[in-house]
Amino acid sequence: MSNLLLQGVSKLSKIANSVAVITNTVGTLMVLCLVLVVDYDVIARGAFNKPFGGAVEVVQFTMVLIVFLQLPDVVRVNRLTRSDGFLAIMQPRFPNVTMWVRRFIDSVSAILMALIAIAIWPEFVEMLETKDYFGIPGVFTAPWWPIKLVIFLSASLCSLIFIFKVILAATNIQLIRMDEMKDKAISAGEKL
Amino acid sequence: KAVVIDGYPAKSMWVDEFSNFFIPEVNERLAKTNNYKIDWQESYGGTIVKPKGVLDGIKLGLGDIGIVTTIFHNSKLPSQSLAGVTPFISADARVVAKAIDEITKEFPTMEKEFARQKQVYLATGVVLDTYQIFSKERIESIKDLEGSKVAGAGIILRYLDGIENAAGVRGGLTDFYNMVSTGLVDHAMLWPEAAETFKIAEVAPFMLKADFGAVNTKTVTTNSRFWKKLPSEVKQVIQEVAIEYRDHVANIAMNRAKKSLDAYIAAGGTVVTMSQEARKEWADSMPDLAAEWAEGLDKKGEPGTEMLRAYMAKLKAAGFTPTRDWTAGLK
Amino acid sequence: MSPIEIGVISVIAIIVLVYLGLYIPVALGVVSFVSIWLMRDDFELSMNLLKIAVGDSVMEYTFATVPLFTFMGLIVSKAGMGADIYEVMNSGFKKVKGGIGMATVGANAVFAAVTGSSIASASVFAKVSVPEMLKYDYNPRFAVGVVAGSSVLGMIIPPSAMLIIYSFVAEQSVGEMFLAGVVPGILLAAAYIAAIWLMGKFIPKYVGGKPATEYEWMSFKEIFSKTAPLVSLITIVLGGIYTGWLTPVEAGAAGAAVGLIIALIRGKMSLKSFWEALIETGHITASILFLITAASIYSRMLGLAGLPNELALILEQNQMSFMMIMVIYVCLMLFLGTLLDTSSIILIVVPLFLPLIEPMGLSLVWFGIITVIGAEIGLLTPPLGISCFVIKASLDDDRISLKDVFMGSLPFAFVMLVVLILLINYPVLSIGILH
Ligand code: NA
Ligand code: NA
C-alpha cells in the first residue's frame, strides 16, 4: 500500500520535474531576448537616433522571467548555492542521520518557498484588479501582474519539488548523492 | 516608537532636513506639554527599503513614516504628476509646494490614492527649482534641438515629443557627465544643483535657462495603522511640522539652486536665457500633457479637470503667468 | 532583545545552518523571517518583508549585467579564446624559470577582462596550462597552485559578478566598481608573477621544470589572429564603459553579441554548445539572483532591527580605530571564506559593516574592492575552496589530489593577503582611476 503511494508520489514528482524543465527552456530563451533587446536599443540609438524608450522596463521584465522561470530547474538539479562539506563527511559514517538532515533541509526550503508563494498571491490579485503598471506613461509602460504571477508559480513549483525531495529521499538517496558528485564541478561553477 | 524610512542616503537634502529639522521640531513641541515622547528610529539609504520601495514599505508597515518619491509611482499615484504635466509656469519651489499641498487637501483624490496604499498624506516636498538644458554648444530654441539626442529621465522626456527628430535618451544622474562628454547625447536635462554636483560645466558649458518649472517629487506619508494609534495631540504636532517642513525644504531648494547656478558660472558655464517667444514655441510644440492627465483621472471618476483648473488658478494668484494655458485643451 | 543581540544571534544561526548544509539563500531567508517574527511578534510583518524583497531585488536594471557577462564569458571560453591567449603568452615567457607559470598568470589576467567568473578561468587553464607544466617537469603542486591563484583574477579584473553584487548591496555604480577593479587586478597579477620569480630564485626545487627545448617564436600573424578577438572584445566592453558610450548592461550585451559573432566566424560554435551556454547562463543567473534576493531580506531584517543605528552608536562611543575595524573585517572574511562562497560572504558581511564604514567618510568603492578581494581568498582555502574544486574536477588526474591543489594554492592565497593589505593602506590604488 505504502509502496503504491510512493509510486504515485514519484510519478507526480516526475511531472513537476518536467514542468520545471519546460519553464527552464522558456527562461533560457529570455536570456537571448535580453541580449537582443539591449543590442537593439544600442544600435537604434547610435545609428538611427531612435532609442527604444522601453529598454529599461523590458530588461527588468526579462530579468524576472529569467530568474523565476529557471529557479525550479535549479532546485531540481540541486544547483542552489550551498556548502555541503559537512554532509559529505557525515554521509559514509552516518547515512541515516544524513538522510534525516537532508530531509530537514528540504522541508525548511519547501516551507520558505511556500511562504513566498503565499505572500505574493494577494499582490498578484491586487495588481490584476488595479491594472498597475511601471514605467513612464507616454514613453513605455508594462503591467505588474505577469511578474507577480510568474513569481507565485515559480515559488509554488519550487516548494513542490522540495516536498517531493523530502518524501522520496529514502528511496533514491543513493541516486541523489551520485548526482551531486557528478555535478560537483558544475555546481561549484554555479557559485562563480 | 516611530521608524522613519527613505531609500536615499542620509546626506540627501530632504532626508537631512527630516533628521535635523522635522524630528527635532516635533520633539521640541511635544516636550512643551511633556505628555508624549517619540522614540525615533531613522533607517535611510537602503537599510530597509530602496528609493522605489518607500511606498510599499510604508504600506506594509516596514516603516511608520517615510518620504515617498512619487515620480516612481505614476500608476499608483497618478495625480501626483500634476506639476510635471504643466511645465513652463513657475520655477519657484515654494509656490509649487504650497499649491500642490493645498490641492491635496481641497480635493480628495491624492489622499485617496495614498489611502489605497494604506498611508496618510502629511506634506509635499519640492526639492529642486527647475530642470534646465545643459549643452556642449550654445543653443537658443527648439530649432537647435531638432535631430539631436537629449539625456533625461521620467516625464520630462515627453517635453521633447513635439520636437522634430529629437530623441530622449534615458539615463541616471550619475551617467549624464559621461553621456555628454562622449557625445552619446548632445544635451542633458537636469537641475542646477545636480549640474554642480556632477561637474556638468566641464562637459556642457552652456545652460539654456528654459525654466520648465518646479516639480513635486517627494511626499511625506505615514502608515495608516500607525497614524490611527497616535494620540490627537501628537497628530496635530506632526501635521503642523509637516507644513513647516514643506516650506523649509522648498526654501532650501531655492537657496541651493541659486548658489549652484553661481557655481556653474564660476566653473566656466554660460547661462543663456531663453526668450519668452522661444519658450512659448516649445510649450506649444508639446502634446497636451495636462489634458491627457486630467482626462485619465476623469475617466476614473476623479475630479481631474477641476484639480487642474484649481492648480492653475493658484499659480496665477501667486503672480505667475503660464507660458501655455494648460486648461485650454480641457473639455 | 536588543538589536545587537538579534544581529549576533541571527549571524550565528545562519552560519550554523549553512555549515549544516542548508541552501544559503534559504538559510538567510528563514533566519530573517523568524527574527522579525520574534522581534516584533508580528507574523504579517515577516510576510510583508518577503513580499517586498522578492521581485524587488531582481527588478534592478543593472542586474542584467549578471546574465550578459556570464553569457559572454561562456561563449568566449567555448570558442577557445582562453587557450589562444595562453599560447601567445607562453611563447613569450618560455625561457624564464617558472615561465609557464608566469604565462598562465598573464593569460588569466587578459582572459579575466572578458569573463565575469573565476570558475571559467579555473577550468580553462586547468586544462591547457597544467598538462603543459607537467610536460616540462614542473612540480605538480606548483602547477595547480598557479592556476588556482590566478583564476581569482577573473573576479577582480572587470567584468566581475562579485563587483556587480557588491555594487548592489552598497548602492554604488557598477561602472565605477568595474573601473576601480582594474588597477588592483593588474597589481595582483604582477604580484603573482613576482612571487613566481622569487620562488624560482630561492626555492627552485619547489617550482621545478626544465628549460624549454624548442624556441619557436610565434609569427606576428599568428599572434595577431590569436589575440585580436579577445582584444577587440576587451576594447568594446571596458572601453565602452570607461568612455561612457555604453552602460555596463549595454556593454555586456554588446560583448555577448560580438563574442558570439567571433565564435561563429571561427566556426567553433555548434548549436548544441550555444544552447548549453544559454542554459548555463540562466542557471547561474537564477541562483545568484535568488541568493541576492535572500541576502536583501537579511539586510532589511538587520535594518528593521535597528542594527546599523546601534553599530554606528557603538562606533561613536568607543572610538574604534580604522585599523581595528579593518583587522576585524579581514579576519571575519577569512573565517567565512573557509566554508562559504564569495558572493555569500559579500552579502553577509557588507550589510554589517557598511554602517560602520560610511560615516567614517571612506570611499565605498574602495571598500568594495577590499571586500571582493578579501572574500575571494576563500576560493583558495580549505575545506571549501571553489577554485580548487573546479581545478581538481576539470583535471581528472589521479596523480594530483585535492590536498595538492590546496597546498599549492596557499602561497598564492598569501600573496593575495599581502596585496589586500596594500590596497587597504593605499586606497588610491583602487579609486585613483576614477575622475
Ligand atoms: Na573578470
Ligand atoms: Na575556502
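I began with a network of salt bridges that links B:Glu25, B:Arg29, B:Glu240 and B:Glu244; a salt bridge here is a side-chain nitrogen of Lys or Arg within 4 Å of a carboxyl oxygen of Asp or Glu.

A note on the source: this is a predicted model, where local features need pLDDT of at least 70 and side-chain atom pairs pLDDT 80 or more, while totals for chains, interfaces and linings use all residues. Residues are numbered from 1 along each chain as its sequence is written, chains are lettered from A and ligands numbered from 1 in the order written, and side-chain values use heavy atoms, without hydrogens or water.

Next I looked up single pairs. B:Lys143 and B:Glu281 form a salt bridge, with their closest N and O atoms 3.3 Å apart. I placed B:Lys143 in the loop between E5 and E6 of chain B and B:Glu281 in helix H9, 138 residues apart; helices (H or I, at least four residues) and strands (E, at least two) are DSSP runs, numbered from the N terminus.

B:Arg158 meets B:Asp161 in a salt bridge at 3.1 Å, N to O. I found B:Arg158 buried at 10% relative accessibility, and B:Asp161 partly exposed at 44% (buried is under 20% relative accessible area, exposed over 50%, partly exposed in between, with a 1.4 Å probe and protein chains only).

Then I turned to the sheet. Six strands of chain B form an open, mixed sheet in the order E7-E6-E8-E5-E9-E11; strands pair if DSSP finds at least two bridges between them. E7 and E11 of chain B are the edges, each with a single partner strand, so one side of each lacks a neighbour in the sheet.
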